[in-house]
Amino acid sequence: MKQYFLPDTWVYIASAISLVAVFFVGKSLLNYDGILHKTICVVMALGILLLLIRMPIGVSVEPDSIKVQRLIGSTKLNNITSVTPIEKKDLSGVIRTFGNGGLFGYTGYYSSPQFGKFQMIAINMKPEQLALVVLDNGKKYIINYPQGQSDLGRIPLSGLLHIEVRGDDHGLAAHEPLIQ
């Protein structure tokens, strides 16, 4: 199953501002001859270009793995032990330790009281589209995940692992992974 996700409003705003900044940086390259100025401008432009090509755009759930599609390339998560949907309250207290908080997505390393240290690879922060993926080596990832689009709220993964999302009075509530 392959699912593409739309960026949230902050990603649109931060990305548009950065593209305008890159335009003015490029324009300033034409006006100055100093090597230091040109070097700084080129490094800034390359950094923004790197963030753009590494922007997550979707997720492909395969029989034995999850592949996070990027604008160019992908990140494949193998040896998955659990996939757990995230509720809005789980996102409180999340701190970027070495990450990007909205420029072409949310990528990098984060920390929270709920999950500890983890890597985020997401295009939006909508809780109904996020899931915590834990690998057998203990690494944790928060990614956009198509949990609401599956039949009856269940998404199979490698035939043994399922997540279940049940409705309650407040919308969807996440529950522990079901390992069968």
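A cavity is, on a 1 Å grid over the protein atoms alone, a set of points where a 1.4 Å probe fits but cannot get out, and its lining residues have an atom within 4 Å of a point. The model is predicted, so local features need pLDDT of at least 70 and side-chain atom pairs count only at pLDDT 80 or more, while totals for chains, interfaces and linings use all residues. Residues are numbered from 1 along each chain as its sequence is written, and side-chain values use heavy atoms, with hydrogens and water left out.

**Exercise 1.** Determine how many cavities of 30 Å³ or more the structure has, and what lines the largest cavity.

**Exercise 2.** Describe the salt bridges of Glu62, a salt bridge being a side-chain nitrogen of Lys or Arg within 4 Å of a carboxyl oxygen of Asp or Glu.

*Solution.* Glu62 meets Lys67 at 3.7 Å, N to O, and with Lys76 the closest N and O atoms are 3.5 Å apart. Lys76 lies in strand S4 (residues 74-78) and Glu62 in the loop between S2 and strand S3 (65-70), so this pair ties together parts 14 residues apart in sequence.

Definitions and conventions: 1 Å grid on protein atoms, 1.4 Å probe; cavity = no way out; pocket = protein on both sides within 12 Å on 5 of 7 lines; lining within 4 Å. Points joined across faces, edges and corners; volume = space filled by probe spheres on them. Helix = DSSP H or I, 4+ residues; strand = E, 2+ residues; numbered from the N terminus.
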